[in-house]
Amino acid sequence: MNATGIGAAVRRKEDQRFVTGKGHYTDDVNRPGQCHAYFLRSPHAHARIKRIETKAAAAMPGVLAVLTGVELAADKIGNLICGWMITSKDGSQMKMAAHPAIAHGKANYVGDPVAVVVAETLAQAKDAAEKVNVDYELLPALADPAKAQSEGAPQIHEIAARNTIYQWHLGEAKAVEVAFNSAKHVTKLDFINNRLVPNAIEPRAAIGEYDSGSESLTLWNTTQNPHVARLVMSAFVGLAPEHKLRVIAPDVGGGFGSKIFIYPEEVVCLWAARKVGRPVKWVAERSEAFLTDAHGRDHVTHAEMAFDAEGKATALRVKTIANLGAYMSTFSSSVPTYLYGTLLSGQYEIPAIYCEVDAVYTNTVPVDAYRGAGRPEATFVVERLIEVGAREMGIDPADLRKKNFIKNFPHQTPVIMTYDAGDYHASLKKALEVADYGGFGKRKRESARHDKLRGIGFSTYIEACGIAPSQAVGSLGCGVGLWESAEVRVNPTGTVEVLTGCHQHGQGHETTFAQVVSERLGIPLENVSVLHGDTDKVQFGMGTYGSRSGAVGISAIVKALDKIEAKAKKVAAHMLEAAEGDIVFADGKFTVAGTDKSSAWGEVALNAYTAHKFAGQELEPGLKEGAFYDPTNFTFPAGCHICEVEVDPQTGESEIVAWTAVDDFGTVINPMIVEGQVHGGIAQGVGQALLEGAVYDKDGQLVTGSLMDYCMPRAHDLPALKVEMTRTPSPSNPLGIKGCGEAGAIAAPVAVINAITDAIGSEDLAMPATAQAVWQALQKAQDRRKAA
Amino acid sequence: MPAVALTVNGKPVTGDVDPRTLLVQFLRENLRLTGTHVGCDTSQCGACVVHVDGKAVKACTVFVWQIDGANITTIEGLADPNGPLHPMQEAFREHHGLQCGYCTPGMIMTAVDMVNRKGHDLDDPTIAISAAAPATITS
Amino acid sequence: MAMTMNGQVQLSASREVVWAKLNDPEVLKSCIPGSEQFDRIAGNEFQAVATVKVGPVKARWKGKVRLSDLDPPNSYRISGEGEGGVAGFAKGGAKVSLSDKDGGTLLTYDVEAQIGGKLAQLGQRLINSAAKKTADDFFIKFAAAVTQPQ
């Protein structure tokens with residue numbers, strides 16, 4: 001390893017611009033002649049749009065256009081789509097309802113855009129929006145997913161009877177039933193995985209621009225995957241042919257999944273830019289973000305785990321209703337199915353698993369992938385059942401886990417996945433040491449002396465990352481391949497540009513990707529630039545989500561570097577007048593094996609371009625290579641998180657007093673950045689467990705619609721985190737990387753709930769476990785004890 | 001349109017503004033100082049914190065006419081553009097105190113204000129609570 | 001989201017006088033805070049425009065107001081719905097009843113309302129106190145109006 005290579009905690013290259021305010025986010029971009037869009041949104045969760053009167057608004061000062069769904073349809077702008085086809089257990093295809101970028105005929109959630117005003121200034125657009133008159137006919141609204149399939153529930157889309165999008169299943173129902181019939185102990189749980197609002201700190205934004213000379217469109221957009229956005233907007237929405245549409249994702253201020261999806265507003269900005277002949281900019285307000293960014297989670301689940309007399313898990317069955325909101329967002333269908341059901345084996349050898357998922361429409365904002373996406377929900381199911389099962393059977397929760405851990409790899413689970421490598425005992429063992437599990441009893445007694453209830457909770461989670469082998473996901477209904485591309489361009493002076501199809505919005509790719517190149521080519525880190533986020537620069541890419549950039553994106557770079565090295569060796573062979581096979585490349589130097597004849601990296605790069613030492617017929621000049629890398633398997637990061645809480649029984653307030661995270665991410669490129677990812681993930685997971693929860697009232701009004709009412713985690717909600725790692729490299733990619741971006745958010749929520757329920761001696765506790773919820777659970781438990 | 005005159009990062013600036021123009025809009029749109037960002041519209045997140053007459057202020061909560069004559073420092077003016085980073089900027093970089101960078105200018109301006117008010121020798125609880133006071137969200 | 005409110009006001013005028021004022025659009029217009037327009041469009045139906053501010057949400061509301069279940073001079077129901085454009089919507093009604101008390105009239109009101117859009121999103125935690133204040137402001141003016149000579 002060199003000082004800036006793989007494994008070095010290099011300080012981030014991108015930070016210079018961020019700490020000096022020189023980042024370039026979409027809202028920092030201003031185009032000549034730019035005007036502004038403001039969306040008028042439905043205040044009703046479900047209403048027929050009888051008439052929209054726009055004349056008065058159009059006559060307001062500065063107004064350039066007032067557009068509605070009528071004009072959108074007239075211009076034949078296509079609908080937004082969901083790109084993963086799920087097949088129901090009866091063989092029918094999922095029921096995807098039309099999703100126009102501006103509601104046409106009917107508004108289906110509070111926030112559904114019904115008109116857009118384009119004006120010289122934002123203030124003028126807002127003033128004019130006040131003059132748009134919409135005549136609504138109110139329809140009964142449906143907000144509760146548990147009621148979506150009931151008889152008499154309001155029907156949201158014609159296409160989906162009883163609001164049911166699909167009824168999916170996975171596993172062997174028969175085998176599970178047999179196992180349950182002979183079980184010694186069965187643990188049963190009902191719970192809701194609470195609905196979350198992503199709240200990336202940078203609100204979504206878009207600027208659409210039309211160049212009538214070249215008949216091409218350009219979009220600046222807060223997206224995690226500019227190429228996917230371009231593909232959907234060309235092939236499905238039909239805004240422009242792919243080669244006439246450029247999507248630029250500049251610096252993006254956090255995504256957490258919510259910026260994967262293709263949203264109405266960017267479609268409208270492009271469409272309107274062509275209509276008014278000027279660049280059109282839109283920036284979401286936070287209130288708009290609450291109402292329109294795809295939310296996360298929102299599962300209603302019943303789960304049961306069967307154990308034999310030794311405490312070995314013999315079967316698991318799960319029934320979930322997943323709320324997908326008013327329309328199917330870009331990848332929403334895959335989240336409660338192939339990103340959820342396939343992870344229900346956890347770290348355990350469970351011989352039989354059966355999972356049923358009904359996805360439903362409601363009059364709420366669409367729900368899609370949010371940090372972890374399906375895997376936090378799966379982990380919550382498995383780790384709650386194991387923890388509660390241990391308590392019910394009187395077995396130490398760590399021991400019950402050890403008893404059930406998968407020990408041999410590769411391991412085929414009953415739910416599709418083949419775990420390639422892992423060592424679950426190692427991470428648990430290390431976590432028990434770091435958390436001083438042996439000393440917990442003493443600490444609990446100490447807390448009791450201060451009238452506090454202390455609890456400890458485990459989460460031995462697993463996730464499937466490195467998304468994903470294209471052929472495999474294709475067979476499961478995915479509409480795209482999930483490989484990644486890279487291009488390595490060596491300049492004549494030896495500096496290097498790496499172009500990647502991944503996109504960074506906080507992950508530090510400009511540093512970690514450069515570290516891989518620095519180590520491989522033996523050149524200083526500052527001689528490597530990483531370029532991303534522009535469809536005119538990078539040929540294609542699938543973007544960043546699902547903890548895939550390391551495992552898939554870097555693998556593509558490694559593959560391109562292999563080609564660079566091979567070509568450079570040819571150049572060096574000519575320079576050194578030796579056989580190509582005799583050239584050895586190490587530490588930035590090409591040497592003829594067994595001699596002291598060598599050429600430095602820079603000399604070889606220069607010669608590749610001067611092309612003076614070889615004939616063009618023999619070798620092409622230049623040094624630039626591209627690669628597409630398609631993973632051979634998912635990767636399986638796993639680990640053990642231990643949360644310790646103190647609960648004040650008088651107020652119900654829970655304080656997290658200690659946190660241990662031992663994660664196995666395989667090879668780590670930059671431990672500082674990886675630790676930062678773990679910190680962020682845990683903070684978000686703690687947010688879900690203790691603070692966050694999107695609440696719709698029965699009429700479909702979002703009553704947690706601002707940061708005043710929706711509580712995000714802050715610094716004082718977290719203790720100092722103890723983060724350690726174990727390393728079993730993934731055998732499925734060249735560097736052995738597994739991915740680290742979502743682990744914290746997957747592991748954390750259930751660790752917190754396991755800890756609080758341990759402290760209060762009651763399993764009846766929903767997320768978010770606010771002081772009020774915990775206090776009520778304590779009172780109920782007390783009442784039960786009194787009654788007994 | 002009220003005329004306003006301010007000193008921003010040591011330079012005098014003037015402008016005629018719509019009375020509803022917020023300080024953050026004036027900085028970003030009139031002066032093109034885009035380092036200061038807007039993260040919410042309810043004065044909660046702290047991404048827009050700048051210094052007004054030496055004190056941390058959320059630039060989304062004040063109209064620019066309210067602070068006519070004030071001395072403003074934004075992230076762009078914290079250190080000499082041709083010199084080394086301000087120690088707080090350097091500390092954020094050194095200790096990986098940022099990821100996407102969007103709210104970082106607000107966090108840094110808040111942190112500088114905290115040190116100005118409370119000195120250098122701060123323990124974790126003080127930092128956590130003080131950071132929550134001008135309120136910068138962690139994620 | 002739904003909101004309820006109720007209360008009683010003692011007025012120093014006879015039941016008949018209070019009833020007449022309650023049915024007089026001019027009186028209602030002058031007593032409703034922020035009222036700009038209150039015009040009869042049919043028998044007991046009125047077109048109303050009012051500017052109302054709830055916390056951070058201020059809007060000009062346009063809508064229809066209806067009087068129904070009239071039982072002179074004892075009670076009626078006043079109901080309405082309005083669209084506030086960008087700010088959202090409000091709809092609801094109040095049962096208003098009168099009884100003789102202490103030489104004057106005791107007015108009892110029972111309000112049920114629903115709000116939506118930005119008003120519910122941002123103003124919801126303020127809506128109850130804002131509604132109470134609106135009611136208080138209305139009755140201060142109305143109490144004065146009923147004692148004025150006709």
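## The surface of chain B

Welcome to the structure above: let us start with chain B, which exposes about 6300 Å², with carbon and sulfur atoms supplying 53% of that area. Accessible areas here come from the Shrake-Rupley method with a 1.4 Å probe, and for residues only the protein chains shown count as cover.

The model is predicted, so to speak of local features takes a pLDDT of at least 70, side-chain atom pairs count only at pLDDT 80 or more, and totals for chains, interfaces and linings use all residues. Residues are numbered from 1 along each chain as its sequence is written, chains are lettered from A and ligands numbered from 1 in the order in which they are written, and side-chain values use heavy atoms, with hydrogens and water left out.

## The build of chain B

Chain B has four helices and five strands, which follow one another from the N terminus as β-β-α-β-β-β-α-α-α. Its radius of gyration is 15 Å, close to the 14 Å that the globule rule gives for 139 residues, so chain B is as compact as a globular protein of that length. Helices (H or I, at least four residues) and strands (E, at least two) are DSSP runs, numbered from the N terminus. The radius of gyration is taken over C-alpha atoms, and the globule rule is 2.2 Å times the number of residues to the power 0.38.

Along the principal axes, the C-alpha atoms of chain B fill a box of roughly 45 × 35 × 30 Å. Of its 139 residues, 50% are buried; buried means under 20% relative accessible area, exposed over 50%, and partly exposed in between (1.4 Å probe, protein chains only). Among the contacts (heavy atoms within 4.5 Å) in chain B with a separation of 6 or more, 53% are between residues 24 or more positions apart. Chain B also carries 9 positive and 14 negative charges, whose mean positions are 3 Å apart. Lys and Arg count as positive and Asp and Glu as negative, while His and the chain ends are not counted; the place of a charge is NZ of Lys, CZ of Arg, CG of Asp or CD of Glu.

## The build of chain A

Chain A holds 19 helices and 28 strands. Its radius of gyration is 28 Å, close to the 28 Å from the globule rule for 788 residues, so chain A is as compact as a globular protein of that length. Its C-alpha trace spans about 95 × 75 × 50 Å along the principal axes.

Buried residues account for 64% of the 788 in chain A. For contacts with a separation of 6 or more, 79% join residues 24 or more positions apart. The accessible surface of chain A comes to about 26400 Å², and 51% of it belongs to carbon and sulfur atoms. There are 76 positive and 91 negative side chains in chain A, and the centres of these two sets lie 1 Å apart.

## Two buried loop residues of chain A

Look for Q224(A) in the loop between β10 (216–221) and α6 (226–235). Q224(A) counts as buried because its relative accessibility is 2%. Its side chain makes a polar contact with the side chain of H505(A) at 3.5 Å. A polar contact is a pair of N or O atoms within 3.5 Å; within protein, one must be able to donate a hydrogen and the other to accept it, and residues adjacent in sequence count only if both atoms are side-chain atoms. A polar atom of the Q224(A) side chain also lies 2.8 Å from the backbone oxygen of T544(A). Leaving aside neighbours within four places in sequence, Q224(A) is in contact with residues including G255(A), K259(A), H503(A) and Y545(A).

G325(A) sits in the loop between β14 (313–323) and β15 (352–360). With 0% relative accessibility, G325(A) counts as buried. Beyond four places in sequence, its contacts include V360(A), Y361(A) and P366(A). G325(A) and E285(A) are 40 residues apart in sequence, and their C-alpha atoms are 21 Å apart in space.

## Backbone details in chains A and C

Most residues other than glycine have a negative phi, and most peptide bonds are trans. The peptide bond from F409(A) to P410(A) is cis, with omega near -5 degrees, and P410(A) lies in the loop between α10 (397–404) and β16 (411–412). In chain C, a cis peptide bond joins P72(C) and P73(C), with omega about -5 degrees; P73(C) belongs to the loop between β4 (57–71) and β5 (75–83).

Phi of E215(A), a residue other than glycine, is positive, near 50 degrees, and E215(A) is placed in the loop between β9 (205–211) and β10. D69(C) is not a glycine either and has a positive phi of about 50 degrees. D69(C) lies in strand β4 of chain C and, at 53% relative accessibility, counts as exposed.
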